[in-house]
Amino acid sequence: MPKKIMVVDDDPYIVDYLVTVFEDHGYLTCRASDGVSAFDVAMAEKPDLITLDLEMPHEWGPRFYRRLTLEDEFSNIPVIVISGLPGIHMAIKRAVATIKKPFDPTEVIEIVRKALGETDD
């Protein structure tokens, strides 16, 4: 069964682009435009990995991530921070990667595959 990736970003163009990249590589996707709706989407969709913007309306990415990981089923969910903000590597210490916008989709896919334990072997 394909893995599911949740894309959380307030920029609809970034969300559409990442969803297209992930779906073109065989992943299922779900999406949210801020931390508040992302929590509800995560609970309903049960993603295997999250890509997360930091600066969003209503609830910033780090606050959403802290709140989500308090739930047992999401306590160890891998997160990839994708943001244009400086100092993003400090925002979520448990992030499997931090990627600065603009990003290379090939790099994102490589990081996703590693985070999900998928290899070419």
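This is a predicted model: local features need pLDDT of at least 70, side-chain atom pairs count only at pLDDT 80 or more; totals for chains, interfaces and linings use all residues.

Visitor: What makes strand 3 and strand 4 a pair?

Guide: Two strands pair if DSSP finds at least two bridges between them. Strand 3 (residues 49-52) and strand 4 (residues 79-83) are joined by three bridges and run parallel, so they meet that criterion. One of the residues involved is Thr51, whose bridge partner in strand 4 is Ile80.

Visitor: How many bridges join strand 4 to strand 5?

Guide: Four bridges join them, and these strands also run parallel. Val81 has Thr98 of strand 5 opposite.

Visitor: What is the order of the strands in the sheet?

Guide: The order is 2-1-3-4-5, with parallel pairing, and the five strands form an open sheet.

Visitor: Why are strand 2 and strand 5 called edge strands?

Guide: Strand 2 (28-32) and strand 5 (97-100) each pair on one side only. From one strand to the next, the twist averages 20 degrees.

Visitor: What does helix 4 touch when it packs on the sheet?

Guide: Helix 4 (residues 105-115) touches strand 1, strand 3, strand 4 and strand 5. The direction of helix 4 makes about 170 degrees with that of strand 5. On strand 5, Ala97 and Ile99 form the covered face, while Thr98 and Lys100 form the uncovered one.

Visitor: Which residues of helix 4 are buried?

Guide: They are Val108, Ile109, Ile111 and Val112. These residues lie on the same side of helix 4, because the arc they cover around the axis is only 165 degrees. Their cover includes helix 1 (12-24) as well as strand 1, strand 3, strand 4 and strand 5.

Visitor: What caps the N-terminal end of helix 4?

Guide: Asp104 does: one of its side-chain oxygens lies 2.9 Å from the backbone nitrogen of Thr106. The cut-off for a polar contact is 3.5 Å, and the 2.9 Å distance falls within it. After helix 4 comes Gly117, with a positive phi near 75 degrees.

Visitor: How do you know whether Asp53 counts as buried or exposed?

Guide: Buried means under 20% relative accessible area. Asp53 has 4% relative accessibility, so Asp53 counts as buried. Asp53 lies in the loop between strand 3 and helix 3. Beyond four places away in sequence, Asp53 touches Val8, Asp9, Asp10, Gly61, Ile82, Ser83 and Lys101.

Visitor: What does UniProt list for Asp53?

Guide: An unreviewed UniProt entry lists Asp53 as "modified residue: 4-aspartylphosphate". Such annotations may be inferred rather than shown by experiment.

Conventions
Residues are numbered from 1 along each chain as its sequence is written. Side-chain values use heavy atoms; hydrogens and water are left out. Helices (H or I, at least four residues) and strands (E, at least two) are DSSP runs, numbered from the N terminus. Axes are lines fitted to C-alpha atoms, for helices over the stretch in contact, and angles run from 0 to 180 degrees between N-to-C directions. Contact means heavy atoms within 4.5 Å. Buried means under 20% relative accessible area, exposed over 50%, partly exposed in between (1.4 Å probe, protein chains only). The arc is that of the directions from the helix axis to the C-beta atoms. A polar contact is a pair of N or O atoms within 3.5 Å; within protein, one must be able to donate a hydrogen and the other to accept it, and residues adjacent in sequence count only if both atoms are side-chain atoms.
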